[in-house]
Amino acid sequence: MNKCFFLTGTDTNVGKTVTSCLLLQAASKLGYKTAGYKPISSGNEQSTVSLKNLDAKLLKINSNIKLNYYDINPISFMQKTSPHIASQLSEKIIDWQIMSSGLNKLKQLANWIIVEGIGGWYTPICNKQTLADWVIQQQLPVILVVGIKLGCINHAILTLEAIEKSGLLLSGWIANEIISPDQYKKYYLQILQQKISAPLLGIIPYLPNCKSYIINNFIDLNKLL
Ligand SMILES: Nc1ncnc2c1ncn2[C@@H]1O[C@H](COP(=O)(O)OP(=O)(O)OP(=O)(O)O)[C@@H](O)[C@H]1O
Ligand SMILES: [Mg+2]
């Protein structure tokens, strides 16, 4: 059976890419044909032929089917800013058709796909629409990464409400201990578990100098809705 999830986070820099890589590794261990997808990226390096994004490169390494860079990241911007701003500055429209056909291609090749968002749930992709609008069009179930740090309870509740409003299924969430643990971490986790009814798929500990391609068992895919 085909599985395809949209992975969002409580903010930018909360561990969406690290978590996506771990999810791909866990699915690969279960025997799925896996692919990561980053429809839009920003803040990219110019390589000899095109712009290349670090997230997309990590997703490519962690996909177990052979893919080209463009298959994983069809839309990329050099500017390290919100995609709609990068889109305006570079005079390049973010085309839903490209995003959707890229995903459809992956669905033909893989049976377990993680689509990594950009920024948070309501990241604008043009003046009127956010990436969430595309996710709703695609009807993708959602996985939420909460970066465990001060402020995460508020960010998590706001994101949960927005996902609920979209009508999409929240298939599970992951707690990522993005900063070195402090004395309040356990309270954040307790409250989040009370507030989020979707299954907690795993807790990723603080891993200084973490290499997202290291295989580990932080995530339990059997709990996914
Ligand atoms: N559990 C962790 N322990 C230590 N460092 C982490 C952990 N998770 C992520 N990081 C580090 O935090 C940084 C941000 O992580 P990551 O790139 O996965 O976030 P992101 O949400 O995908 O960011 P973006 O919004 O730019 O896509 C990276 O340098 C990553 O290696
Ligand atoms: Mg990322």
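Reader: What do the buried residues of helix 2 pack against?
Author: Helix 1, strand 2 (34–37), strand 3 (40–41), helix 3 (69–72) and strand 7 (112–116). This is a predicted model, in which local features need pLDDT of at least 70 and side-chain atom pairs count only at pLDDT 80 or more, while totals for chains, interfaces and linings use all residues. Residues are numbered from 1 along each chain as its sequence is written, and chains are lettered from A and ligands numbered from 1 in the order in which they are written.

Reader: What makes a stretch a helix or a strand?
Author: DSSP runs decide. A helix is a run of H or I with at least four residues, a strand a run of E with at least two, and both are numbered from the N terminus.

Reader: Which residues of helix 2 are buried?
Author: In helix 2 (residues 54–61), they are Asp55, Ala56, Leu58 and Leu59.

Reader: Why say that they line one face of the helix?
Author: Look down the axis of helix 2. Its buried residues fall within an arc of 160 degrees, so they line one face. The arc is taken over the directions from the helix axis to the C-beta atoms.

Reader: Why is Ser63 called buried?
Author: Count its neighbours. Ser63 has 26 other C-beta atoms within 10 Å. Buried needs 20 or more within 10 Å, exposed means 12 or fewer, and partly exposed lies in between, with C-beta atoms placed from the backbone. So Ser63 is buried. Ser63 sits in the loop between helix 2 and helix 3.

Reader: Which residues is Ser63 in contact with, leaving aside neighbours within four places in sequence?
Author: Leu24, Thr34, Ala35 and Gly36. Contact means C-beta atoms, placed from the backbone, within 7 Å. The C-alpha atoms of Ser63 and Gln25 are separated by 7.9 Å, though these residues are 38 apart along the chain.

Reader: Why does Asn13 count as exposed?
Author: Asn13 has 10 C-beta neighbours inside 10 Å, so it counts as exposed. Its place is the loop between strand 1 and helix 1.

Reader: How do you know that the span of helix 7 is close to what is expected?
Author: Helix 7 (residues 152–166) has 15 residues and reaches 21 Å from its first C-alpha to its last, close to the expected 21 Å. The expected span is 1.5 Å times one less than the number of residues. Cys152, Ala156, Thr159, Leu160 and Ile163 are buried in helix 7. They fall within an arc of 105 degrees, so they line one face of helix 7. The face turned away carries the exposed Asn154, Glu161 and Lys165.

Reader: What covers the buried residues of helix 7?
Author: The cover includes strand 1 (3–9), strand 8 (142–147), strand 9 (170–176) and helix 8 (185–195).

Reader: Which residues touch the most other members in the largest nonpolar core?
Author: Of its 56 residues, Tyr37, Ile113, Ile114, Val115, Val146 and Ile174 do. Helix 1 gives the most to this core, with seven residues. Such a core is a set of buried Ala, Val, Leu, Ile, Met, Phe, Trp, Tyr and Cys residues joined through C-beta atoms within 7 Å.

Definitions and conventions:
Contact = placed C-beta atoms within 7 Å.
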